[in-house]
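Please look over the sequence and the model first.

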Amino acid sequence: MKAHVKELLQALYDGELDESLVPVVEKHLSTCEACQAELQEIGQLSSLMHADDAWLMDTLVVTQREDAFVNEVMHQIHSGGIEQRSFFDSLLWKSIPAGLLGVWLFIQVGWLVLQGLLTMNVIPLTSVKNGWLNSTLDTLRRFSTSADANPVAPQNWGGNLQEMLVDRLHIDFLFDMLVNPALITTLIVAVMFTSWFALWWLHQEKRYKKSQFQKNGG
Amino acid sequence: MSEQAIECRALVERAQQGDTLAFSGLVRLYHQRILYYTLRICGNTQVAEDAAQETFIQAWKHIGQYELLAPFEHWLFRIAHNSTISLLRKQREEVDIDDMILPESSSTPEEHVERQDRIKSVQTAINQLPVMSRSIIVMREYQDMSYREIAETLDIPMGTVMSRLYAARKALKKALHPAMEVL
């Protein structure tokens, strides 16, 4: 008899067998002596395990122990100053600064490596920036030259802007300042860390006030 | 929802607010089942009491993280399982099955000795199982938990519960065969 068939017998005994399988297994049982013996053994084992169950429970666990047990647990909680833990005590919360630092370092190092590769011209500068640059210039050209679409705009405004943007130095400066992932990441990480610290500080304040209140018999 | 479940829910909500009196009510409500569970896993009254106490201390610490959607006793049994494993590991599982100093009952001395021997042989057989299988068989046999409840409590698949339970019963039948025949 295979193990999975025996598992079905076990499930039948425990009342856990799928209803659709019950008639199938019962039909098999009526003709298979090995399975009948197996089912009987499961029942015998269960009877043996429960033979002294109630007696053991009564004598060992319940008698005169309840108050002593409850008092001991509560004494440990009170005398040990065991406080309830919250999300702020969890490993996840405590690992947030380490995670932020990791992300910040990763972006900084990645950006430095990219800059190094660009400087050495391993990756052509144009391939990185041209996509962004060309699309921005196209948009601005369309906007500034379509006087009909925007009659308020001065006729020569677009031309001046184009000249300014075409200047590679200005473009590089603008690109580096606004799209520099290292700078953006630093700002985001700083804001997130400050928020994390503020929340942690508020939680500590709240916990301290609560413990003072409990000490004063509140 | 049963009366006990309603009472339990109210106590849990108050305990989550830091009410120790409500928590002592929860300890009173569940200590018997937890103590019996840890006793059946360890087979030693002192270790079982330590594990049960540790269970409730851990429950107090983490009750803020308990979500009321899941049954409280499942959550408590999971803590009891982890506390017992942790305690057994600390003692490197070298826990002696004690004689469970039982008071003399109204039965004859022979019956008393026979009963003690039977309890000890069952416990010895349980203690020879791997800890996870022990928990599964104890939850099924002594706590009357369904396969699904065991799976949710121990955070394992239902199939694992079934196969471990089958293996545990097979091992127990082998170890307790002579006693089964006498019964």
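Buried means under 20% relative accessible area, exposed over 50% and partly exposed in between, with a 1.4 Å probe and protein chains only. Helices are DSSP runs of H or I with at least four residues, numbered from the N terminus. This is a predicted model, in which local features need pLDDT of at least 70 and side-chain atom pairs count only at pLDDT 80 or more. Residues are numbered from 1 along each chain as its sequence is written, and side-chain values use heavy atoms, leaving out hydrogens and water.

**Helix H7 of chain A**
- Pro97(A), Leu100(A), Gln108(A), Trp111(A) and Leu118(A) are buried in H7(A).
- H7(A) covers residues 96–119, and its 24 residues should span 34 Å at 1.5 Å a residue. The expected span is 1.5 Å times one less than the number of residues. The end C-alpha atoms are 34 Å apart, which agrees.

**H5(A) against H3(B)**
- The axes of H5(A) (residues 66–79) and H3(B) (residues 45–62) come within 10 Å and cross at roughly 50°. Axes are lines fitted to C-alpha atoms over the stretch in contact, and angles run from 0 to 180 degrees between N-to-C directions.
- H5(A) supplies Phe69(A), Glu72(A), Val73(A), Gln76(A) and Ile77(A) to the contact (heavy atoms within 4.5 Å). H3(B) supplies Glu49(B), Ala52(B), Gln53(B), Phe56(B), Ile57(B) and Trp60(B).

**Ser133(B)**
- Ser133(B) lies in H6(B), residues 131–141.
- Ser133(B) counts as buried because its relative accessibility is 5%.
- Ser133(B) touches Arg164(B) and Ala168(B), with residues up to four places away in sequence not counted.

Technical notes:
Chains lettered and ligands numbered in written order. Helix = DSSP H or I, 4+ residues; strand = E, 2+ residues; numbered from the N terminus.
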